[in-house]
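Try each task yourself before you read the solution.

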Amino acid sequence: MAAPAATGDTGRTDCPGVAAVPDVAGVAAAPGVPGIAGNADSPDVVDAKAAPDDRAGDSRRPPGRRNAVDPVKALMHRHRELCERAVDPLEIAAGLEAHGLTDRTATRFRHRDVFSLAEEMYARRARDVEPAARTAPAERSGARAGWAVLALLPGVLCAATVAGLRFTEGQTRLAVAATGILAVTAGLRVALRRGPLGTPRRATNGTRAWTCWLIAYALFGDGLLSAALSGGPDDPWPPATAPVLALALSCAPAVWCAHLFMARARRGLAASRGLAEFAVTVRPLLLGVFALYLCALGALLALCGTALDQPPAYAGAGALGALLLLARLLAARGFGHAPAVVLGAVGAAEATATATVFAGRLPGCAFLCTPVETVAQAWGPGAVPALACGTGALVLLVHATRTLTRASAHAAPDGTP
């Protein structure tokens, strides 16, 4: 039997029944052999500018063969834009999770979790274009100081308005009230436009309307409900300025707590080695920051109630503050649908409770106001907004523990430090 004739330096044989195998650096490149081109464990692939004989050998391979033995490369091709703009593996991991890839799915790419897969994708990505440099520390410090100071603006303007109302009467008082409402609204928009609570998209008109309604109810609602249950209102009732002033002052603690949560979550993302581990780390952080804000709001309610000699309304104002904080925190990370629905439901519940009291005065409709009367007689008129806002805040808290503990919720700072 004649020996097989050599074809030159290509490493092929003319032996019948034996497939032609290209030789790379003198070693046969067989799929599944570690450290060889074409294997998924190696970041190297055969260069497109290989010798003509090698290209001819590659052309005879079945279509999709290379992607089949290198699934990570196929995944990088599908998420090419994500890989090119990422400045670290964490952003790739968060982006993959946002597209539905889990730790269990990562095992199909021969990795134990999404973070390990993201690290390989980051290491293998094309380095032709350097990623955008992060913001300089000095610039970030200046931006942080800016929104940290602006967070005090709503409280300062509200305090000035309350002081003006206490020292004016008649038409002048109405003018001060109208000017103060506009000033506080503008200050609130400026304070929340940037920083940790800045939203990527503008809030809808419905969300703004319900938020304004909830704050207006905190200012006038309890007095109106109390007067309606007693047969009135016959005379104007004083507004509850202490709870609203405390809520305006709590804008600063809310922004600072949100910054603390975002910064610690980013650090946890850098230290975690899996999605489940990150969620376990961030969940107590979220609850701790939420409790910290409630403590700050409680102290402000006590201070404002003492200074203005009014009931602090811990339950109602505390529940409203918790509701607004969670709604804004979710919206700032791109989860704005659930807060809009919950705010609308809570506002509608408060409006319905007040309307049923007046509707109960109609002949044969006394049963309509029975639930509200029962609650008000047992715990006072302030129990109605406390129950409504407390229920909404609880719903958003459960939702936040599921959404804000994902790596994709902290994929990029979105302009926040």
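This is a predicted model: local features need pLDDT of at least 70, side-chain atom pairs count only at pLDDT 80 or more; totals for chains, interfaces and linings use all residues.

A crossing is left-handed if the near helix is turned anticlockwise from the far one by less than a right angle, and right-handed if clockwise.

**Exercise 1. Work out how helix 9 and helix 12 pack at their given angle.**

Solution. Step one is to find them: helix 9 covers residues 153-166 and helix 12 covers residues 241-249. Step two is the geometry, with axes 7 Å apart and an angle of about 155°. Angles over 145 degrees count as roughly antiparallel, so helix 9 and helix 12 are roughly antiparallel to each other. Step three is the hand: helix 9 passes helix 12 in a left-handed crossing. Step four is to see who touches whom. Helix 9 brings Pro154, Gly155, Cys158, Ala159 and Val162, while helix 12 brings Thr241, Val244, Leu245, Ala248 and Leu249. Sorted by class, this contact of helix 9 with helix 12 has eight nonpolar, two polar and no charged residues.

**Exercise 2. Stay on helix 9 and pick out threonine 161. Is threonine 161 buried or exposed?**

Solution. Threonine 161 sits in helix 9. Its relative accessible area is 13%, and buried means under 20%, so threonine 161 is buried. Now skip its neighbours within four places in sequence: threonine 161 is then in contact with Val176, Gly180 and Val184.

**Exercise 3. Do the packing analysis again for helix 15 and helix 18.**

Solution. Helix 15 spans residues 314-332 and helix 18 spans residues 383-403. Their axes come within 8 Å and cross at roughly 30°. Angles under 35 degrees count as roughly parallel, so helix 15 is roughly parallel to helix 18. The crossing of helix 15 and helix 18 is left-handed. On the helix 15 side, the contact residues include Ala315, Gly316, Ala319 and Leu330; on the helix 18 side, Cys389, Gly390, His399 and Thr403 are among them. By class, the contact of helix 15 with helix 18 has 14 nonpolar, five polar and no charged residues.

**Exercise 4. How many disulfides does a search of the whole structure find?**

Solution. The search finds zero disulfides. Check cysteine 295: the nearest cysteine sulfur is that of cysteine 257, 9.4 Å away, and a disulfide needs sulfur atoms within 2.5 Å. Cysteine 295 counts as exposed, at 56% relative accessibility. Cysteine 304 is in no disulfide either, with the nearest cysteine sulfur, that of cysteine 158, 8.2 Å away. At 4% relative accessibility, cysteine 304 counts as buried.

How values were computed:
Residues are numbered from 1 along each chain as its sequence is written. Side-chain values use heavy atoms; hydrogens and water are left out. Axes are lines fitted to C-alpha atoms, for helices over the stretch in contact, and angles run from 0 to 180 degrees between N-to-C directions. Helices (H or I, at least four residues) and strands (E, at least two) are DSSP runs, numbered from the N terminus. Angles under 35 degrees count as roughly parallel, over 145 as roughly antiparallel, 65 to 115 as roughly perpendicular and the rest as oblique. Contact means heavy atoms within 4.5 Å. Ala, Val, Leu, Ile, Met, Phe, Trp, Tyr, Cys and Pro count as nonpolar, Asp, Glu, Lys and Arg as charged, and the others, Gly among them, as polar. Buried means under 20% relative accessible area, exposed over 50%, partly exposed in between (1.4 Å probe, protein chains only).
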